[in-house]
Amino acid sequence: MQITPVDPADDRTAGDILALINTVLAVDAPENRRPVERSFRAELRQERPGMEVAYFAADDGGAFAGYLGIALLVGDNPHLAMAELMVHPDHRRRGIGTALLDHFAAYASERGRTDLVAGTLTTWGDGPRRPDTGANFLERNGFALALVNVHRRSRTDALDAETERRLWDQAVAAAADYEVRTWTGPAPDDLIESYCRLDAMTRTEVPSGDIQMEPERVDVERARAKEARYAAIHQVPVRAAAVHRATGEVAAYTDIHAYTDPEAVHAAQGITIVDPDHRGHRLGMLLKLANLRQLREHFPRVAEVWTENADVNDHMVAINDLLGYEAVDALSIYQRKLQA
């Protein structure tokens with residue numbers, strides 16, 4: 001067995017990684033959404049603003065048996081290294097996962113990282129059973145559970161018209177001091193600076209468990225680079241913001257990422273964040289409803305939206321429950337400390 005760096009821009013390599021991920025999901029989590037091929041291939045090739053990414057493959061007798069993706073944040077959070085690691089079901093229990101994990105630790109340590117982060121799918125509540133092998137594997141290798149993010153999905157027509165109207169009216173009444181702005185693609189020029197201010201808060205305002213996170217350094221250049229990347233990977237951000245009427249500042253925003261592929265019938269709910277100074281006005285519910293309406297208008301083929309929330313994020317979970325989201329499984333995120 002050999003571990004080698006791979007070029008994700010190579011079509012064959014990208015196909016091998018995609019096939020491996022689809023095979024693993026078919027065995028371990030058949031209910032979960034699959035990658036959209038066109039976007040997945042483009043995403044492997046694209047640089048990520050504020051992040052360095054490297055990819056490795058495990059070859060077992062000429063077979064593409066394992067995959068490791070490593071991401072290092074650049075400019076902030078210099079202690080963190082994050083990994084996605086998968087082993088083909090036919091090649092498990094041969095030490096491939098351990099070898100890939102050791103490679104991750106060595107790669108991160110050589111670059112001055114002290115905190116390793118990796119996740120594995122786990123069962124949540126009464127949802128579909130997930131193998132416990134991933135969690136056991138990480139724990140055997142010195143990782144400790146740091147955060148649990150629950151995967152939920154909702155059909156875009158989950159709410160009946162009367163319920164949706166009632167929730168909308170309640171939210172509008174509580175948010176009289178705010179204007180709702182919606183758009184797809186790049187943010188409007190008059191909102192971009194205050195949008196950046198709020199975007200920089202996401203790493204510290206969204207629950208991160210035992211993982212220590214510094215704010216992201218977001219300016220207009222970084223924000224526009226992110227938007228350019230979405231276009232390059234064939235995703236369209238569908239966004240709604242609450243603008244405080246008195247100051248013109250973005251007080252809250254939410255986004256959903258839809259795909260340009262006409263066969264993609266799912267979308268991914270991204271971040272929803274409300275400035276702490278503007279909480280208590282039902283802005284989260286208001287913006288999620290406004291964005292759901294916008295999604296239906298611009299992407300009528302999208303049938304369901306997937307989201308991910310920390311299990312301790314009671315407020316956002318309550319909103320999602322009202323919107324018709326149902327839990328599927330969880331991504332349990334583990335952390336291991338290296339000696340500095």
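Select Asn 77 to begin: at 0% relative accessibility, this residue counts as buried (under 20% relative accessible area, with exposed over 50% and partly exposed in between, using a 1.4 Å probe and protein chains only). The model is predicted, so local features need pLDDT of at least 70 and side-chain atom pairs count only at pLDDT 80 or more, while totals for chains, interfaces and linings use all residues. Residues are numbered from 1 along each chain as its sequence is written, and side-chain values use heavy atoms, with hydrogens and water left out.

Stay on Asn 77. It is found in the loop between strand E3 (63–73) and strand E4 (80–87). Helices (H or I, at least four residues) and strands (E, at least two) are DSSP runs, numbered from the N terminus. The phi of Asn 77 is near 50°, a positive value in a residue other than glycine.

**Helix H4**

Select residues 133–140, which form helix H4; its buried residues are Gly 134, Ala 135, Phe 137 and Leu 138. Where do these buried residues lie when H4 is seen down its axis? They fall within an arc of 160°, so they line one face of the helix; the arc is that of the directions from the helix axis to the C-beta atoms. The buried residues of H4 pack against helix H3 (96–110), strand E5 (115–122) and strand E12 (326–337), where contact means heavy atoms within 4.5 Å. After H4 comes Gly 142, with a positive phi near 90°.

**Helices H6 and H8**

Next, select helix H6. Of its 8 residues, 6 are buried, so H6 is largely enclosed by the rest of the structure. Those buried residues are Ile 192, Ser 194, Tyr 195, Cys 196, Leu 198 and Asp 199. They pack against helix H7 (202–205), H8, E8, E9 and E10.

The axes of H6 (residues 192–199) and H8 (residues 220–232) come within 9 Å and cross at roughly 85°. The axes are lines fitted to C-alpha atoms over the stretch in contact, and angles run from 0 to 180 degrees between N-to-C directions. H6 and H8 are therefore roughly perpendicular to each other (65 to 115 degrees). Ile 192, Glu 193, Cys 196 and Asp 199 in H6 meet Val 220, Ala 223, Arg 224, Lys 226 and Glu 227 in H8. The residues of this contact divide into 4 nonpolar, no polar and 5 charged.

**The cores**

Which residues touch the most other members of the largest nonpolar core? Select Leu 283, Met 285, Leu 295, Phe 299 and Leu 323, out of 29 residues in that core. A nonpolar core is a set of buried Ala, Val, Leu, Ile, Met, Phe, Trp, Tyr and Cys residues joined through side-chain atoms within 4.5 Å. The elements that give two or more residues to this core include helix H5 (161–174), strand E8 (235–244) and helix H9 (283–298). H9 supplies the largest share, 7 residues. Phe 299 touches Val 236, Val 238, Ala 258 and Tyr 259, not counting residues up to four places away in sequence. A second, separate core of 25 residues includes Leu 68, Ala 105, Tyr 107 and Phe 137.

**The loop between E10 and H9**

Finish with two residues in the loop between E10 and H9. His 278 is found there and is buried, with a relative accessible area of 13%. His 278 touches Tyr 178, His 244, Ala 251 and Leu 283, not counting residues up to four places away in sequence. Arg 282 is found in the loop between E10 and H9 as well, but is partly exposed at 46%. The phi of Arg 282 is near 55°, a positive value in a residue other than glycine.

Key:
Parallel < 35°, antiparallel > 145°, perpendicular 65-115°, else oblique. Nonpolar A, V, L, I, M, F, W, Y, C, P; charged D, E, K, R; others polar.
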